[in-house]
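Subject: Two-chain model, handover and findings

Hello,

Here is the model I said I would pass on. Please keep it open while you read the notes under it.

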Amino acid sequence: MHNVATTHDEGKGQYFWVWGALLILTAVEVMLAYRQVFQPLRMLEVLMVLSVIKSALIIGYFMHLKYENPAMKWVLMIAVVTCLCLMFIFFPDAFRIVHLGVR
Amino acid sequence: MSDVAVQHGIAGAYEPSLFGTYSKKIGMWLFLLSDTLTFGALLFAYSYGRISTPGWPTPFGKESITNATIMTACLLSSSLTMVLGVLAARRGDRSWTRNWILATMFFGAAFIVLHGMEWTNLIHEGMTPFTNPWAPNVPQFGGTFFTLTGMHMLHVTIGVIYLGVIALRKKFLPILLGIWLIAWLTIPSNNVFHYGVHTLLVGCIVAAAILFLKPKDYDSHDVEVAGLYWHFVDLVWMFIFPLVYLMSTKVV
């Protein structure tokens with residue numbers, strides 16, 4: 001407990017920075033969607049990258065995973081890796097179906 | 001590490017935890033790991049349909065997007081207040097822990113109310129789980145949308161009740177019962193939430209069972225574990241918001 005407490009107590013300002021960064025990233029996402037800057041597929045890619053950055057900030061700082069034991073980090077990586085693998089299977093497949101012309 | 005065993009006054013009786021922390025937190029992390037896969041499945045189901053179906057409806061106009069952006073800001077701010085609550089709990093400052101948790105619950109409740117209004121608008125426009133007025137050839141839009149966002153709304157509701165139990169203990173039960181009664185009586189019976197609010201009653205019964213069968217004083221560890229759950233709910237919304245709302249923006 002001791003090491004956990006000491007690494008965090010100076011970090012109050014850090015939480016406000018993370019919160020600000022998350023709000024700014026959200027604003028960027030909304031602006032991209034509203035201006036329709038990209039084609040839908042490129043848009044999906046950009047939004048997913050921004051969302052992964054946001055989730056990394058939340059998991060790392062708000063959920064304190066940054067300060068956890070390496071064993072814990074690696075166990076939790078299983079879920080992230082599984083979801084990313086599924087994403088790289090499902091999204092290209094869905095895109096392929098559009099191009100096959102299936103209605 | 002081993003100070004977990006030292007705390008219990010039986011140093012050397014246990015091996016240090018593999019994960020270097022207390023078991024409640026490991027339990028919550030493992031639950032969140034499984035919940036990630038649940039939400040992953042729902043999100044993939046929605047997005048697969050979204051990408052592979054030509055003519056997917058784009059019903060979210062300026063009002064919806066503004067509303068959803070405010071909801072996102074609410075959840076992000078609630079994460080900030082939650083993390084400040086965890087800090088206060090670590091300092092042993094009980095009143096500020098309670099205040100920050102109450103602020104978190106306020107933002108969470110605001111999220112639920114705004115989302116409920118959003119659902120009500122969509123339903124008024126003629127959207128059901130099986131049909132939607134914007135794209136009759138894409139009936140799966142309603143089903144996937146309501147399942148995904150409904151599951152998330154349920155998680156937020158459970159989170160608010162969980163935080164209420166941690167912050168106020170038994171004093172929260174009459175408050176929750178009151179909110180349920182008021183919500184049930186004021187929401188018109190043709191609105192889906194007239195029945196949806198009974199989730200609060202079920203939550204109240206479960207919370208009462210926990211509080212009366214295992215009464216205890218919740219410490220900073222319980223606050224931290226509750227915080228993990230709350231941040232996870234926020235995290236899931238960070239994917240639902242772009243995939244559901246921003247990918248279906250109606251630009252006129």
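Conventions. This is a predicted model, in which local features need pLDDT of at least 70 and side-chain atom pairs count only at pLDDT 80 or more, while totals for chains, interfaces and linings use all residues. Residues are numbered from 1 along each chain as its sequence is written, chains are lettered from A and ligands numbered from 1 in the order in which they are written, and side-chain values use heavy atoms, with hydrogens and water left out.

Interface. Contact (heavy atoms within 4.5 Å) involves 57 residues of chain B and 53 residues of chain A. The buried area between the two chains is about 4,900 Å², and carbon and sulfur atoms give 80% of that. Buried area here is the accessible area (1.4 Å probe) that two parts lose on being put together, summed over both. Five residue pairs across the interface are in polar contact, both residues being at pLDDT 80 or more. A polar contact is a pair of N or O atoms within 3.5 Å; within protein, one must be able to donate a hydrogen and the other to accept it, and residues adjacent in sequence count only if both atoms are side-chain atoms. On the side of chain B that touches chain A, the elements giving two or more residues are helix 1 (3-7), helix 2 (23-52), helix 3 (62-91) and helix 9 (220-245) of chain B. Helix 3 of chain B gives the most, with 15 residues. Helices are DSSP runs (H or I, at least four residues), numbered from the N terminus.

Salt bridges. The term stands for a side-chain nitrogen of Lys or Arg within 4 Å of a carboxyl oxygen of Asp or Glu. Over all chains the structure holds eleven of them, and the count between chain B and chain A is one. That one joins A:E68 to B:K25, with the closest N and O atoms 2.7 Å apart. B:K25 also forms a salt bridge with B:E224, at 3.1 Å between the closest N and O atoms. B:E224 lies in helix 9 of chain B and B:K25 in helix 2 of chain B, so this pair ties together parts 199 residues apart in sequence. Both partners are buried (under 20% relative accessible area; exposed is over 50%, partly exposed in between; 1.4 Å probe, protein chains only): B:E224 has a relative accessible area of 8% and B:K25 has 4%. A network of salt bridges links A:E68, B:K25, B:R90 and B:E224.

B:K24 forms a salt bridge with B:D222, the closest N and O atoms being 3.1 Å apart. This pair also links distant parts of the chain, from helix 2 to helix 9 of chain B, 198 residues apart. B:K24 is partly exposed at 36% relative accessibility, whereas B:D222 is buried at 7%. In chain A, the side chains of A:E45 and A:R42 meet in a salt bridge of 3.0 Å, N to O. These two are three residues apart in helix 3 of chain A, about one helical turn.

Helix 8 of chain B. This helix (residues 198-213) has 16 residues and reaches 23 Å from first to last C-alpha, close to the 22 Å expected at 1.5 Å a residue. The expected span is 1.5 Å times one less than the number of residues. Its buried residues are B:L200, B:G203, B:C204, B:A207 and B:L211.

Single residues. A:T26, in helix 2 of chain A, is buried at 4% relative accessibility. Not counting residues up to four places away in sequence, A:T26 touches A:K54, B:T72, B:L76 and B:F241. The side chains of A:T26 and A:K54 are joined by a polar contact of 3.2 Å. B:T149, in helix 5 of chain B, is buried at 0%, and its side chain has a polar contact of 3.3 Å with that of B:W119.

Regards
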